[in-house]
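Here is a short briefing for a first look at this protein. Please keep the structure in view while you read.

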Amino acid sequence: MGLLFTACSKDEVAQPVGGEESVVTFTISTPELATRAHGDGLTATVLKYAVYNRVDGSKLFEGQPETITDKTATVDIPFVNGMKYDILFWAEAPTSPYAVNFDAKTVAYANAAELLGNSEAYDAFYAYVNDIPEITGPVTKTVELKRPFAQLNIITNDATEAAQSDVVVKDVKVVVEGAYTDFDLANHKGLTKGTVTFGTAAKLGDETLAVNYLFPAAEKSLVNVEFTYTDVAGKLGAGEVKEFATVPIQRNYRTNIVGNILTSPAEFNVVILPGFEEDEHPFTDEDKLAMALLLLHLRMM
């Protein structure tokens with residue numbers, strides 16, 4: 001018997017051509033941070049998806065939600081032979097604050113006015129798969145989801161010194177000017193730019209005070225951050241406010257604001273790191289200049 005086979009890439013398994021429909025099996029996985037302190041990806045247990053006609057971009061149908069276990073899931077979707085399809089996958093926590101619009105291929109905060117800081121339930125993942133070849137038979141494809149966010153971390157090195165002055169952080173609040181409230185999942189960019197507030201929440205730890213997820217621009221961009229912390233004993237009254245100007249953020253990267261934040265407002269650095277990627281993030285001359293100007297600005301405050 002002669003059999004025809006589909007051409008496939010390195011992660012697509014060729015199978016004999018069947019009848020009018022063929023099943024495409026997707027093996028879905030979510031990555032984790034290089035550092036496991038925050039962002040292990042385990043809270044994203046609900047997988048949603050929609051299928052589109054690649055010719056006109058129209059949504060054909062949304063699948064029933066699947067369960068992600070240990071950061072993996074398998075989804076079988078029947079496709080008509082001779083057609084080309086795109087698929088949008090979205091993985092989130094059951095208590096996620098996001099609303100996905102599969103018709104527009106966007107995601108937004110369900111209620112941007114009621115966001116809370118330091119919630120691991122805000123971690124989420126997606127993939128817009130638009131490289132599936134024309135369906136001529138069953139295919140197996142591996143898809144690794146990515147975060148649509150930049151992660152913003154505020155880390156202090158002087159918690160012990162601050163405690164000697166009876167300052168122990170209790171709650172934190174983060175306001176970011178220049179982030180986005182919604183995100184284009186097909187074109188990988190923020191849509192509505194503005195100010196995003198992560199409301200008062202308990203500090204994450206003695207050193208890592210705040211970790212929040214931001215919808216960023218298509219490319220690396222700069223935001224202004226206002227950080228407020230309150231003391232356990234109420235010594236700071238309404239709270240101490242720190243401002244960090246021109247902080248760089250980038251999708252699928254983490255930005256650390258780190259230093260002696262509690263005792264010396266001018267002694268800190270801002271570093272953007274590949275927390276969601278394996279490769280090192282190269283700093284360009286433009287990056288280095290921006291960082292130098294930022295540090296100079298902070299020392300003059």
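pLDDT is the predictor's confidence in each residue, on a scale from 0 to 100. This is a predicted model. Its mean pLDDT is 83, and 79% of the residues reach 70 or more.

**Confidence**

- Where pLDDT is low, the predicted coordinates should not be read in detail.

**Overall make-up**

- The protein has 2 helices and 21 strands.
- It contains 301 residues, and 47% of them are buried.
- Take the contacts with a separation of 6 or more: 71% of them link residues 24 or more positions apart.
- The accessible surface comes to about 14300 Å². Carbon and sulfur atoms account for 51% of that surface.

**An open sheet of 4 strands**

- The strand order is β16-β13-β18-β19, and the pairing is antiparallel.
- β16 (193-202) and β19 (240-249) stand at the edges. Each has a single partner strand, so one side of each is left without a neighbour in the sheet.
- Neighbouring strands of this sheet are turned by 15° against each other on average, direction ignored.
- Strand β18 (residues 221-231) runs antiparallel to β19, and 8 bridges join the two. In this pairing, valine 223 stands opposite valine 247 of β19.

**β9 and its partners**

- Strand β8 (residues 98-101) and strand β9 (residues 106-109) run antiparallel, joined by 4 bridges.
- Tyrosine 98 stands opposite tyrosine 109 in β9.
- The hairpin of β8 and β9 has 4 residues between the strands.
- β9 is also joined to strand β14 (residues 182-184), by 3 bridges and again antiparallel. Alanine 108 has aspartate 182 of β14 as its bridge partner.

**Two lysines with positive phi**

- Lysine 105 lies in the loop between β8 and β9. Its phi is near 60°, a positive value in a residue other than glycine.
- Lysine 105 counts as buried because its relative accessibility is 13%, and buried means under 20%.
- Lysine 71 lies in the loop between β5 (66-67) and β6 (72-80). Its phi is positive, about 70°, although lysine 71 is not a glycine.
- Lysine 71 is buried too, with a relative accessible area of 17%.

- Where does leucine 145 lie? Leucine 145 is in the loop between β11 (139-144) and β12 (150-156). Its relative accessible area is 0%, so it is buried.
- Leucine 145 and threonine 30 are 115 residues apart in sequence. Their C-alpha atoms are 5.1 Å apart in space.
- Beyond its neighbours within four places in sequence, leucine 145 touches several residues, among them Thr30, Pro31, Leu47, Phe89 and Phe125.
- Phenylalanine 79 lies in strand β6. At 1% relative accessibility, phenylalanine 79 counts as buried.
- Phenylalanine 79 and glutamate 20 are 59 residues apart along the chain. Their C-alpha atoms are separated by 8.6 Å.
- The contacts of phenylalanine 79, leaving aside neighbours within four places in sequence, include Glu20, Val24, Phe26, Tyr85 and Ile135.
- Asparagine 212 lies in strand β17 (residues 208-214). Asparagine 212 is buried, with a relative accessible area of 3%.
- A polar atom of the side chain of asparagine 212 lies 3.0 Å from the backbone nitrogen of asparagine 118.
- Leaving aside its neighbours within four places in sequence, asparagine 212 is in contact with residues including Leu116, Gly117, Asn118, Gln151 and Phe198.

Note on methods. Residues are numbered from 1 along each chain as its sequence is written. This is a predicted model: local features need pLDDT of at least 70, side-chain atom pairs count only at pLDDT 80 or more; totals for chains, interfaces and linings use all residues. Side-chain values use heavy atoms; hydrogens and water are left out. Buried means under 20% relative accessible area, exposed over 50%, partly exposed in between (1.4 Å probe, protein chains only). Contact means heavy atoms within 4.5 Å. Accessible areas come from the Shrake-Rupley method with a 1.4 Å probe; for residues, only the protein chains shown count as cover. A polar contact is a pair of N or O atoms within 3.5 Å; within protein, one must be able to donate a hydrogen and the other to accept it, and residues adjacent in sequence count only if both atoms are side-chain atoms. Two strands pair if DSSP finds at least two bridges between them. Axes are lines fitted to C-alpha atoms, for helices over the stretch in contact, and angles run from 0 to 180 degrees between N-to-C directions.
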